[in-house]
Amino acid sequence: MSDARERFSNRVDNYVKHRPSYPAGVLDLLAAECGLDETASIADVGSGTGILTELLLARAGRVFAVEPNSAMREAAERRLGGHPAFASVAGSAEATTLPDASVRLVTVAQAFHWFDLAATRREFARILEPGGSVALIWNVRDVDASPFMAEYEALLRTHGTDYEQVNHRGVGPAELDAFFGEGRHRLATFTNAQTFDAAGLEGRLLSASYVPAQGQPGYEHMLQALRDLFARHHRDGRVEFVYATRVHSGGL
């Protein structure tokens with residue numbers, strides 16, 4: 001996707017403030033099945049503002065945060081640059097710049113659907129140590145969790161600019177089998193949630209690259225629809241945003 005590396009440049013502040021982190025169970029899984037420990041070097045590819053990177057730093061010996069978007073990479077550097085195990089890398093999934101066989105684990109959180117699958121597989125195979133693992137992680141909105149979540153999904157489909165084209169749900173069994181090898185990856189699912197007041201919900205919406213930004217056509221109409229949605233569903237001024245956190249992991 002030609003503009004994928006720059007899509008979030010004007011969303012960084014909202015991304016930092018309003019995107020969810022990942023359940024502790026995800027890190028426990030990576031430790032149990034993917035070699036995550038204090039001796040491991042990890043490549044967190046498409047690391048963005050460092051949400052997963054920050055969690056990995058608590059458990060790994062070295063974390064290379066590989067991110068092509070300069071605005072997002074700089075946000076991660078501001079948050080995590082003082083950590084001795086953190087290394088910021090201006091690279092991409094298809095060209096990480098890391099040495100051959102240099103990492104035990106490659107993680108990808110909320111980003112794999114932006115990558116060129118074949119080129120990424122070659123690059124990950126190159127940088128992984130023998131027997132290394134890849135973990136692809138998504139916080140997936142649970143649209144069936146509540147009427148609010150179902151109506152939020154409908155809002156995206158109505159007001160999104162190219163939501164259907166860039167939705168991560170386009171990565172399905174065929175793409176995962178092509179990447180890992182048929183039947184050679186494991187799926188684990190965890191529950192996750194955020195709660196938002198009205199301003200937080202607006203920030204969460206505006207962190208997405210597939211909705212109009214301020215000044216673009218449809219922006220005000222979309223925000224009014226969001227305010228109406230919040231008014232219908234909030235309890236004591238807050239709504240619950242529910243996810244299923246999915247981890248696809250395996251070797252290459």
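Asp28 is partly exposed, with a relative accessible area of 42%, where buried means under 20%, exposed over 50% and partly exposed in between, using a 1.4 Å probe and protein chains only. What I am showing is a predicted model, in which local features need pLDDT of at least 70, side-chain atom pairs count only at pLDDT 80 or more, and totals for chains, interfaces and linings use all residues. Residues are numbered from 1 along each chain as its sequence is written, and side-chain values use heavy atoms, with hydrogens and water left out.

Which residue, then, forms a salt bridge with Asp28? The partner is Arg59, with the closest N and O atoms 2.8 Å apart, a salt bridge being a side-chain nitrogen of Lys or Arg within 4 Å of a carboxyl oxygen of Asp or Glu. Because Arg59 lies in the loop between helix 3 (51-57) and strand 2 (62-66), while Asp28 lies in helix 2 (residues 24-33), the pair ties together parts that are 31 residues apart in sequence; helices (H or I, at least four residues) and strands (E, at least two) are DSSP runs, numbered from the N terminus. Arg59 itself counts as partly exposed, at 29% relative accessibility.

Helix 2 also holds Glu33, and this residue is linked to Arg186 in strand 6 (residues 186-196), 153 residues away, through a salt bridge whose closest N and O atoms are 2.8 Å apart. Glu33 is partly exposed at 39%, and Arg186 is partly exposed at 37%.

For the whole structure, the search finds 9 salt bridges, and Asp100, Glu123 and Arg126 are linked in a network of them.
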